[in-house]
Amino acid sequence: MDVTIVGCGYVGLVTGTCLASIGHTVRGVEKDTKKLKTLLDGHCPIFEPGLQELMQENYSSGQLQFTDNIKAAVKDAEVIFLCVGTPPKPDGTVDMSFLESAAKEVCDALAQQNNEYMATLVVKSTVPAGTNRKLYNFLKQQTSAYVQVVSNPEFLREGSAVKDCLEPDRIVIGGESPEAFRMMRRLYDPLIKREENFMTMAWESAELTKYAANAMLAARISFMNEMTILCEGYGADIEDIRKGIGSDGRIGPAFLRAGCGYGGSCFPKDVAALEHISKAVGHDNLFVNAIQTVNKNQKRRFVEKIEQKLGRPIAGAKIAVWGLAFKADTDDIRESAALDVIRYLLDKGAKVKATDPKAMENMKQVFKDEVEWSADPVSCANGTDAVALLTDWPQYTTLPFRKIAATMNSPIIFDGRNCLHRDVMRETGFQYYPMGRPVVENTLRLKRA
Ligand code: UDX
């Protein structure tokens, strides 16, 4: 099929590349000249495992093309994806201006061409309930083009976006037009393994499904993070509780990992938006308020723990921060726990050294010379009073800890992701503070003393 993707950001690029790889002809429209040049040079502007290779393969075969000419790009398009940003406004509501202007531009281009066939406009961007219906009514008034609007929320995770896109556990389509539903069914056909995984529903249901999914996942994390306080109070282990409840088929094991709070471009934004969507129908949503409060508190609690357990005043202490990305396998620092934790540490007068395998350049834009930057975790820990681990990069679990301990002023690790092995910490002489788990005492140091 002929597909146009308006907006080659994270979602647009992944979606377009994956659709090209299953045989569709995809044209990506990008207005940002710098990003467009990168794409036209055959480079992927973001770090996402597997994307660069798949993009290049389809770009060189001509299956995937890029342009800034929206008019030419929608000319023969049967399906047009709107993948522009819907960022939060300062008051937490959603900024719809990019989506509205992109939709208008597409329809103007379609109307000028007097196409007789129906184009399906697909809203991939996460938008508040009611938006697709409003957009459809707006377009009906604005244009004579024959368009249908469907909502098709994306459930991609950064770091595994290509896999998530090519092996979706469900495809949700919201709308009112059976013709548009059929078009979407045809588009996604190679990816549909079981018919029940292709779901059609009302626009509003599809829109709310996206918010509900992210809020539910964020709620699980916040619930577990709140439980860490009880674990620390009573000497229980949050990891045992995770296994204990995760084995219940009704609960399941995913998204129950405690730590210093969730981040990223979706959970914080979507949970905050749900609060406002609730207010818009006169409801103060206590549940989503609690999810956010716990998440905020958890980062502060992490820093307070450092302050209490450091064994010296935090002002003037040197803290090594391992991990700046909001999670492993990405260079994305949006709403990353590291943003808050580093700020709190600096405010308390600590000196911060920081490292990350992928996200350091992005974080340098934020903290500039307020932070000392290190190329790797070993040099980062050198001469510091403690390590604060904030991203669960797998390579952090296999470091030469004994060697690292020997270079630190005091071998202490505060594990904000509960990803290090307790036995390794014990054997290598670290004082180890995970979240909601019993502390590993530095017995080697005691023995030496
Ligand atoms: C999320 C949703 O998973 C995805 O479906 C949606 O389309 C976009 O938002 P993403 O933001 O890529 O994806 O990250 P995800 O893997 O869900 O992790 C989000 C945050 O939660 C990260 O900061 C991660 O460290 C944290 N997390 C995740 C936990 O703290 N504990 C967990 O058990 C899982």
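The model is a predicted one. Leu82 belongs to strand E4, which spans residues 79-82. Its relative accessibility is 0%, so Leu82 counts as buried.

Leu82 and Val14 are 68 residues apart in sequence. Their C-alpha atoms are separated by 13 Å.

## The largest nonpolar core

The largest nonpolar core holds 55 residues. Which of its members touch the most others? They are Trp322 and Leu345. Helix H13, residues 337-347, gives this core its largest share, seven residues.

A second core of 42 residues is separate. Among its members are Val74, Ala119, Val123 and Leu135. In soluble globular proteins, nonpolar side chains tend to be buried together.

## Leu345 and Ile314

Start with Leu345. Beyond its neighbours within four places in sequence, Leu345 contacts Val303, Ile306, Ile314, Ile319, Val321, Ala350 and Val352.

Ile314 sits in a loop. That loop runs between helix H12 (286-309) and strand E9 (318-322). Is Ile314 buried or exposed? Its relative accessible area is 6%, so Ile314 is buried. Leaving out residues up to four places away, Ile314 touches Ile306, Glu307, Leu345, Lys348, Gly349 and Ala350. Val303 is eleven residues from Ile314 along the chain. The C-alpha atoms of this pair are 9.9 Å apart.

## Lys299 in helix H12

Lys299 is a residue of helix H12. A relative accessible area of 5% is under the 20% limit, so Lys299 is buried. What does Lys299 touch, apart from residues up to four places away in sequence? The list is Cys260, Tyr262, Glu335, Ala337, Asp340, Val341 and Tyr344.

## The loop between E9 and H13

Glu335 and Ser336 lie in the loop between E9 and H13. Ser336 has a relative accessible area of 2% and is therefore buried.

Glu335 is partly exposed, because its relative accessibility is 46%. Glu335 is also one of the residues that Lys299 touches. Its backbone stands out too. Most residues other than glycine have a negative phi. Glu335 is not a glycine, yet its phi is positive, at about 55°.

## Asn418

Asn418 also has a positive phi, about 50°, without being a glycine. Where is Asn418 found? It is in the loop between strand E13 (412-415) and helix H17 (422-427). With a relative accessible area of 6%, Asn418 is buried.

## Around the ligand

There are 18 residues around the ligand. Leu156, Glu158, Arg257, Phe326 and Lys327 come nearest. Nine residues of the shell are nonpolar, two are polar and seven are charged. Helix H9, residues 203-234, supplies the largest share of the shell, three residues.

Backbone atoms take part in polar pairs here. A backbone N or O atom of Leu156 is 2.8 Å from a ligand oxygen. A polar backbone atom of Phe326 also lies 2.8 Å from an oxygen atom of the ligand. For Glu154, a polar backbone atom is 3.5 Å from a ligand oxygen. How much of the ligand does the protein cover? On its own the ligand has 670 Å² of accessible area, and the protein covers 90% of that.

## Phe267 in helix H11

Phe267 is in helix H11, residues 267-280. Its relative accessible area is 11%, so Phe267 is buried. Neighbours within four places in sequence aside, Phe267 is in contact with Asn214, Leu217, Ala218, Ile221, Phe255 and Tyr262. Tyr262 is also touched by Lys299.

Ala218 is one of these contacts. Phe267 and Ala218 are 49 residues apart along the chain. Their C-alpha atoms are separated by 6.3 Å.

Note on methods. Residues are numbered from 1 along each chain as its sequence is written. This is a predicted model: local features need pLDDT of at least 70, side-chain atom pairs count only at pLDDT 80 or more; totals for chains, interfaces and linings use all residues. Side-chain values use heavy atoms; hydrogens and water are left out. A nonpolar core is a set of buried Ala, Val, Leu, Ile, Met, Phe, Trp, Tyr and Cys residues joined through side-chain atoms within 4.5 Å. Buried means under 20% relative accessible area, exposed over 50%, partly exposed in between (1.4 Å probe, protein chains only). Helices (H or I, at least four residues) and strands (E, at least two) are DSSP runs, numbered from the N terminus. Contact means heavy atoms within 4.5 Å. A residue is near a molecule or strand if one of its heavy atoms lies within 4 Å of it. A polar contact is a pair of N or O atoms within 3.5 Å; within protein, one must be able to donate a hydrogen and the other to accept it, and residues adjacent in sequence count only if both atoms are side-chain atoms. Accessible areas come from the Shrake-Rupley method with a 1.4 Å probe; for residues, only the protein chains shown count as cover. Ala, Val, Leu, Ile, Met, Phe, Trp, Tyr, Cys and Pro count as nonpolar, Asp, Glu, Lys and Arg as charged, and the others, Gly among them, as polar.
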